[in-house]
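Here is my notebook from an afternoon of looking things up. Follow along with the model open beside you.

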Amino acid sequence: MNIFAIVVTYNGMQWADRCFSSLERSELPVQTIAIDNASTDGTPDYIKSHFPSVHLVESHENLGFAKSNNIGFHYALDHGADYVFLLNHDAWIFPNTLQALVQTMEAHPDCGIATPIHLNGDSTAIDRRFCSALPPSFTSDLYYNHLQPIYELDHCNAAAWLISAACLKKIGGFDTSLFIHYGEDDNYCQRVHYHHLRILLNSTSTICHDRVSRDLDDSSRQMWKETIRKEEIAERWSNINIDYPMRQIYRRLKLKRLLSLPLSSNRRSLNETLAICRQTMCSREINKQEGLHWL
């Protein structure tokens, strides 16, 4: 069995040892791929010197989460992967984490993504953002102390996903036409459901995810807000499980643009939204088909 782990790094020195050491200690052997997005804190050099078995890809620019993971997907499939495990650079696993996730996959052939419970960095609570993915039945079962081993999820953030090679070959990678830093995992979950695969939580498997806030300067903060705004629009329209009237939306946007002032900020915003609408129409048609899209 070939399992490849993909870790996308960006200035992740403070977590590098815990992240990569945990993969080395996995009860199931795993081959690790690190995609570094032009870190300036010494992360690539640390990986080379302390984890020489890691296949390191160094980018000279920040490619974003979607494109970076797609590089890892491509490498893993080319080298005979049966499963690919995505792990955030600020997260780490336990020795039995992957064993439990693989058992979930093997017991449920229609499972495209298996995920563990995401704990916080101190292992004292469930990660706050992961809570939004949990079904009501999980909360009830947890309260009455009779958790089921498996729960079905609508979505889950990609901090720790085990994806089958069959899922990748059917659905492809992350959609890089619409997503760079935000929304790509929700979009992927939508595509998994569209292609009749399932997302399963194994409640006996855990990871730690040490979220921290990052201080951004004003220009970086504004750029991040703009990126999120655009990708939120794309995420809403790109859900191929919902039959949005995209052609009608596009015509209405064009009419609004014609009626707006040539140099107004409203017109500039409409131009951006029109571009997103055009990209989304193309993306939807691609993602409805089976195949190695975006890789």
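I started with a term for cover: buried means under 20% relative accessible area, exposed over 50%, and partly exposed in between (1.4 Å probe, protein chains only). The model is predicted, so I kept in mind that local features need pLDDT of at least 70, side-chain atom pairs count only at pLDDT 80 or more, and totals for chains, interfaces and linings use all residues. Residues are numbered from 1 along each chain as its sequence is written, and side-chain values use heavy atoms, with hydrogens and water left out.

**Entry: strands**

I looked up strand E2, residues 31–37, and found six of its seven residues buried. Helices (H or I, at least four residues) and strands (E, at least two) are DSSP runs, numbered from the N terminus. Two strands pair if DSSP finds at least two bridges between them. E2 pairs with strand E1 (residues 3–9) in the parallel sense over six bridges, and there Phe4 has Gln31 as its bridge partner. E2 also pairs in the parallel sense with strand E3 (residues 55–59), over five bridges, with Ala34 opposite Leu56.

**Entry: salt bridges**

I took a salt bridge to be a side-chain nitrogen of Lys or Arg within 4 Å of a carboxyl oxygen of Asp or Glu. By this rule I have five salt bridges. One of them joins Lys48 and Glu58 at 2.8 Å, N to O. Lys48 lies in helix H2 and Glu58 in strand E3, so this pair ties together parts ten residues apart in sequence. Lys48 is partly exposed at 43% relative accessibility, and Glu58 is partly exposed at 40%.

Next I checked Arg211 and Asp127, whose closest N and O atoms are 2.7 Å apart in a salt bridge. Arg211 sits in the loop between strand E9 (198–209) and helix H8 (218–237), and Asp127 in the loop between strand E6 (111–120) and helix H5 (136–143), 84 residues apart. Is Asp127 buried or exposed? Asp127 is buried, at 4% relative accessibility, while Arg211 is partly exposed at 24%.

**Entry: cysteines**

How many disulfides does the structure hold? I found zero, counting a disulfide as a pair of cysteine sulfur atoms within 2.5 Å. Cys167 is buried at 1% relative accessibility, and Cys277 is buried at 0%.
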